[in-house]
Amino acid sequence: MKPIAIRSQHSAKNTWLRYGFAGVLASALVVWAAQPSLQGFIMRQITLHEEAPSVEILREAFEKAPDRVEALVAAWKTGRIIHRMVAIQEAGKLLTGIPQSEPLLRLVAKGARDPDLGVRELALSILAGHDQNGLLEAIGVQLADPDPQVQLLGLQHLRRLAAAEGIPLALEALNRPDSQVAVTALSLLTHWGGHDFGTRLADVVPVLDQHTGKSEIPTANLVELEPKLAAAREWWKQHRNEFVYHDVPAVLDANPMEITLPASDFEVADLNGHKVHLSDFRGKTVILNFWTTWCTACVGEMPDLIELQRRHPDDLVVLGISLDGVPDEHGHLADHIHNEGEAQDDEDAHPNRARLRAQVSRVAVQRGLNYRVAMDDTGAVSAKYNGGELPTTLIIDPSGQIRRRFVGPRPVAVLESLVKATHGDFAQVDK
């Protein structure tokens with residue numbers, strides 16, 4: 001018995017040493033973690049690894065960072081949509097205090113090529129105030145894009161440049177087939193050249209059809225515009241040598257969809273209750289479309305999505321993700337979804353999910369949708385892709401990389417050109 005007793009005492013001593021030391025170490029770590037600097041570090045690391053943190057949390061993490069520029073660059077390199085959006089916003093704020101910061105200007109220049117058009121728009125506005133040379137190159141990137149809405153984004157900032165820099169880009173845009181782009185370019189050439197061709201931007205403002213939900217330029221306006229545009233092109237062809245301007249920037253030859261971001265996988269249930277994962281469609285281009293039944297513009301773009309899926313039954317998947325039942329940014333549900341006194345199926349105050357699914361199914365049948373529709377009941381998928389502003393669409397290439405994110409409908413011809421670009425071998429994951 002004695003040897004056993006000795007071993008037991010020895011074992012107890014070792015146990016106390018082990019766990020006693022561990023307890024002291026744990027206490028020390030707790031005290032260490034209570035220091036504000038370490039708290040900030042931990043907070044930033046957690047925030048960087050979160051797929052969809054709130055904008056407020058991200059901004060707080062940036063504000064508490066000892067090196068805010070370094071923190072913004074780290075957020076950008078995560079490749080996550082929300083992180084990059086807030087990073088560009090905060091970079092714009094910091095540049096007001098340190099306008100010549102090379103790391104910040106490089107970050108903003110990258111933003112002008114981002115797959116997310118929301119980031120591009122912010123970046124262009126920042127470059128306009130801090131880097132005219134960078135702005136010229138960024139405008140060229142937009143004008144090289146197959147999406148007329150992106151071309152218009154570039155033209156919006158072209159007026160900020162001198163005539164010698166702006167005229168060659170405007171002349172290029174004047175020959176684009178999209179009427180809005182051509183008339184916008186012509187208005188800029190009129191600004192620099194002084195010759196009025198009788199066209200007005202008001203002539204190409206799309207009008208919303210409340211019945212179809214589509215916004216289109218009135219046909220009568222287009223008929224009147226064509227001869228004016230033809231006359232303008234001919235006039236500039238004859239008089240362009242009278243103006244001093246630089247050569248067309250080489251950036252117009254660049255591929256505007258070269259930069260990509262990794263698309264995070266997710267799981268949702270389709271209208272039949274079957275689980276759907278983004279990774280299920282690897283090897284095909286995916287059009288990820290966030291919508292609701294009450295969004296007029298969402299319903300209006302459905303015919304184009306239907307036609308796109310019809311044209312590409314084998315190499316393309318259109319996945320419509322309904323956000324019906326997801327509260328808006330104020331925590332409210334759409335009035336037609338939640339009626340006072342209606343039965344709820346959980347304590348989160350969501351309306352009856354079976355009724356929501358039936359409602360979405362009804363619209364899918366009425367509109368003749370030939371593509372798959374799923375429900376994002378909690379808004380978790382939407383949060384990953386910043387899909388709350390409707391309709392939000394993402395184009396994901398066959399390798400699972402995001403090539404484009406934008407808000408608002410696009411005609412089928414534009415969608416098809418964007419889809420075609422996803423099959424090239426020029427993808428470059430942005431870091």
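Predicted model: local features only at pLDDT ≥ 70, side-chain atom pairs only at ≥ 80, totals over all residues.
Switching to a cartoon view shows 17 helices and eleven strands, and if you colour by burial, buried residues make up 45% of the 431 residues in the chain. Among the contacts with a separation of 6 or more, 67% are between residues 24 or more positions apart.

Next, select residues 316–322, which form strand 7; seven of its seven residues are buried, so this strand is largely enclosed by the rest of the structure. With side chains shown, Leu316, Val318, Gly320 and Ser322 point one way, while Val317, Leu319 and Ile321 point the other way.

Strand 6, residues 285–291, runs parallel to strand 7 and is joined to it by seven bridges, with Ile287 having Val318 as its bridge partner. Strand 8, residues 372–375, also pairs with strand 7 in the parallel sense, here over four bridges, and Ile321 stands opposite Ala374.

Finally, move to strand 10, residues 401–407, and select Arg404 within it. Is this arginine, Arg404, buried or exposed? Its relative accessibility is 0%, and because buried means under 20%, Arg404 counts as buried. Beyond its neighbours within four places in sequence, Arg404 is in contact with several residues, including Pro115, Leu117, Arg120, Asp147, Met257 and Leu418.

Definitions and conventions:
Residues numbered from 1 in each chain as written. Heavy atoms only, no water. Helix = DSSP H or I, 4+ residues; strand = E, 2+ residues; numbered from the N terminus. Buried < 20%, exposed > 50% of the residue type's maximum accessible area, 1.4 Å probe, protein only. Contact = heavy atoms within 4.5 Å. Pairing = 2+ DSSP bridges.
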